[in-house]
Amino acid sequence: MAKMDDIFQKRMERHHDELRWLYMELYHNDDMFAELCGQLYRYYKIRRVKLRNRDERREKDSGWFKKQDMLGMMLYIDNFAEDLKDMRGKIGYLKECGASFIHLMPFLETPEGRSDGGYAVQDFRKVRPDLGTMEELGVLADECHKRGMDLCMDFVMNHTSSEHEWAIKAREGDGEYMSRYFFFHDSDIPCTYEAAMPQVFPTTAPGNFTYFPEMDHFVMTTFYSYQWDLNYKNPRVFNEMMYHFLYLANQGIDIFRLDAVPYIWKELGTACRNLPQVHTIVRMMRMIAEIVCPGVLLLGEVVMEPEKVVPYFGTVDKPECHMLYNVTTMATTWNSVATRDIRLLKQQLDIVNALPKEYTFLNYLRCHDDIGWGLDYGSLAYMGMKEIPHKRYLNDYFTGNVPGSVSRGELYNDDPVTRDARFCGTTASMCGIESAGFENDKQKLWHAVRFDIMLHAYMLMQAGIPMLYSGDEIGQVNDYSYKEDAMKRLDSRYIHRGKFHWELAARRADGSSVEGKLFQGLKQLEELRKTEPVFGEAACICTRDAGDISILCMIRETDEDRMLGVFNFHDGKRTAWLNEPGSYMDMLSGEQVDLTALELEGHSFVWAKCLK
Ligand code: GLC
């Protein structure tokens, strides 16, 4: 082998022993490890100079992604633009939205109608032909980089589509490829697995195995029947998936969302989630990235109960993911909306704020998936709320079936056995913009807009990085047209995956329109977040009591600066009993504000900065 380049050599030296140790622990296979190392060098060598320079800059500034100007926006290429090429012309709009990175929802080749929104990948090295080519992805990445933005994509590593070439070969009976999945010739072992494995899609795709009569075999399919779980016990699977990852990194992707990562290792008799080997794999992936492309970040999609989420950061010495979704906080936020009670939310924020500063969460109000009610039911029990009836209340509330609820949306995977339905709908619809528009009630409409801005203000103040869902910045409501599409009809998540309405976005400069009010309202908040030193990542963040269970009060503080965010989760007027000494200025209006007893209109908020 040619003499290794110094930089690569140095990085390899730093990680080799640990990487080898972990690899051997899982695979006991020297040849495969040697192959992996050889390929790491190859992917390093073919990485474009521009990307390698980017890596080196980021290696010297390892906290680059924690800066206060980081703000993400997630979108579907074909909802937002025509295709990848057309995306280039729309970067200006995204910049105007304040986005510093864009998460492009799955865009790799996937069989139409059997795609799970693109999460059933047929070819990891091919872009969906109607969206463009790999080359165009690279051009888009370059353009984003030039304009100071990063690009994020999904790495769907738990499964492939049943139309992936490995799955096709496996279906033909090729043992080498069958061993890359989980095949069983009778139902004995699948039944034993099922006994301990919960279901992800209990109504849309029940069970974790699918019987294929043409093969007379059962295949493990945790998600849809056309998403075949990969068997990471096979080192060939691990190696090949890492090569795909590096190939995509070399196209210029900066952030990889590790889709469904808790599920990647399976053991009979366990829930097949969050097993220790999952952490070994993520840790190896982190080292692989640090060796080949250290400018690249791993964002874990760990939609699990809180104690299962944090371990995906790894330890300070042996980190795993750079960022994780703040999923419990998101669900708890909507719980506060429905109950007008912030006690559980305050407690949840206190837990997050007590974690080491190295841990970076991605905050969001809505994403492309449903909201699962993964709340702290132990604490809720103390407040007199029981899990099953409480979940039912939340779902009734958000579907608009509780008196006084202005929310609109639909249930998802309403499981008749566990009664564990989840919820789908856009932020705007959940805040009442849809129902007020339908009733043509102006007063309700402005209230809903105020509410929507308030929730964003609260989200932007949290520790971590904010992520907006495309369309939320102009208050896009639910889109029911998915019901007319036979391929989408059964999956209510499409209610909040509608086309982006450019004709509505065109009103964003008009402050008298819903779109303008929201767009400008969010923009003002984002500007403050980017420029005020109190939003720096070093700030200490905590909550404090405001003397009213509907009012959340958050504080951000540095040695020099201090601000309070006071958020009214009640639809009626409330008073925050703060007794804050000193003089404060409303950061939005610039006017002085008295923080002794602060009156807040229903669903309104104040960002107040302490004057020196
Ligand atoms: C993730 C995605 C979701 C998808 C699932 C299976 O949870 O967010 O949309 O259905 O993975 O790939």
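This is a short talk on the overall build of one protein and on a handful of its residues.

Okay, hi everyone. Before we start, this is a predicted model, so local features need pLDDT of at least 70 and side-chain atom pairs count only at pLDDT 80 or more, while totals for chains, interfaces and linings use all residues. Residues are numbered from 1 along each chain as its sequence is written, and side-chain values use heavy atoms, with hydrogens and water left out.

Let's begin with the whole thing. The protein has 22 helices and 25 strands; these are DSSP runs numbered from the N terminus, with helices being H or I of at least four residues and strands E of at least two. Picture a box of roughly 70 × 55 × 45 Å along the principal axes, and the C-alpha atoms fill that.

How does the radius of gyration agree with a compact globule? For 612 residues the globule would come out near 25 Å, and the protein has 24 Å, so the two agree. That radius is taken over C-alpha atoms, and the rule is 2.2 Å times the number of residues to the power 0.38.

Of the 612 residues, 61% count as buried. Buried here means under 20% relative accessible area, exposed means over 50%, and partly exposed is in between, using a 1.4 Å probe and protein chains only. The protein exposes about 23,800 Å², with carbon and sulfur atoms supplying 51% of it; those areas come from the Shrake-Rupley method with a 1.4 Å probe, and for residues only the protein chains shown count as cover.

Contacts next, meaning heavy atoms within 4.5 Å. Among contacts with a separation of 6 or more, 71% are between residues 24 or more positions apart.

Val337 is buried, at 2% relative accessible area. Skipping neighbours within four places in sequence, Val337 contacts Tyr397, Phe398, Phe451, Leu455 and Phe569.

Ser162 is in a loop instead, between strand S6 (159-161) and helix H8 (165-171). Is Ser162 buried or exposed? It's buried, with a relative accessible area of 2%. Leaving out residues up to four places away in sequence, Ser162 touches partners including Arg114, Tyr226 and Trp228.

On to cysteines. A disulfide is a covalent bond between the sulfur atoms of two cysteines. How many does a search of the whole structure find? It finds 0, where a disulfide is a pair of cysteine sulfur atoms within 2.5 Å. Take Cys144: the closest cysteine sulfur, in Cys152, is 11 Å from its own, so that's too far for a bond. Cys424 is in no disulfide either, as the nearest cysteine sulfur, that of Cys367, is 9.6 Å away. Cys144 is buried at 0% relative accessible area, and Cys424 counts as buried at 0% too.

Last stop, backbone angles. Most residues other than glycine have a negative phi. Asn579, though, has a positive phi near 50°, and His603 has one of about 55°. Asn579 is in the loop between strand S21 (574-577) and strand S22 (584-586), and His603 is in the loop between strand S24 (597-600) and strand S25 (605-610). Asn579 counts as exposed, at 61% relative accessibility, whereas His603 counts as buried, at 7%.
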